[in-house]
Amino acid sequence: MLAKWMNCIACCFNFDITPVLKMTSIKNYIDDFLHLLFPHICIGCDSDILNDEDILCAECLNSLPETGFLGTAQNPVEKIFYGRMQVEHAGSAFYFNKDSVIQNAIIQLKYKNNQKAGIFLGRLLGYQLINSKRFDDIDAIVPLPLNDKKLFRRGYNQSLAIVNGITSVWNKPVITDAVERIAFTETQTHKDRIARWQTMDGVFTVTQPSLIINKHILLIDDVVTTGATLEACGTAILQTTGVKLSLATAAYTI
Ligand SMILES: [Zn+2]
């Protein structure tokens, strides 16, 4: 199609486009060859997708389990924190169903060294935050910090990858050095809520309160389950003068 149009334009202006067409087809051959060497696969269905920025094909993208409640007050994520800490607004973009595309994306992000999965999820979360209008007065975004040991092991903070996705579509400042995770906690997966809360107590500390004082902070994590980690970090943040706290995660486990 492109070649046909170029031929038409060349005919009108009376110049020879053969070299241009040759270069275009050489570029196509190189692209095809690189794609053969480094195929770009949809993490949902293993189909071969072409756009380098995407991790999902159009079909998987359309079937993502959106919660649909991020824009609604008193939603299930806000209810997790009732009576535990003061939260202005909270919500998650997607349900974290077992063996789902979202679970696969989170596994890619946390254990397969795939930061793109976080940026991708963050971008989708960012659109939902914008559309909800409930988070318009957020002053700054804080990714849930990792401790140094985990950061070294993984090579990056998965929450920061999600935040980078959010800010690629939503113009908000990011603060990464106000809060620190001071203790190392082993995986939380098999602990009940009380055991998790006890493990998390005192794990986070605000090292530079001047960065967040009197601000409405949006704290971001990948998945919310019992809310123990977000509560521990949020409680530390709320000890700073004049801070208001909201929460958002890419996924929510029922
Ligand atoms: Zn797919």
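**Exercise 1.** Which residue in strand 6 does His216 stand opposite?

*Solution.* This is a predicted model, in which local features need pLDDT of at least 70, side-chain atom pairs count only at pLDDT 80 or more, and totals for chains, interfaces and linings use all residues. Residues are numbered from 1 along each chain as its sequence is written. Begin with the elements, where strands (E, at least two residues) and helices (H or I, at least four) are DSSP runs numbered from the N terminus. Strand 5 pairs with strand 6 (residues 244-252) in the parallel sense over eight bridges, pairing being called when DSSP finds at least two bridges between two strands. Within strand 6, it is Lys244 that stands opposite His216.

**Exercise 2.** Check the length of helix 6 (residues 115-132) and say what covers its buried residues.

*Solution.* The expected span is 1.5 Å times one less than the number of residues, so the 18 residues of helix 6 should span 26 Å, which agrees with end C-alpha atoms 26 Å apart. Its buried residues include Ala117, Phe120 and Leu124, and their cover includes strand 1 (90-95), helix 5 (101-111), helix 8 (158-167) and strand 6, judged by contacts (C-beta atoms, placed from the backbone, within 7 Å).

Note on methods
Buried ≥ 20, exposed ≤ 12 C-beta atoms within 10 Å, placed from the backbone. Contact = placed C-beta atoms within 7 Å.
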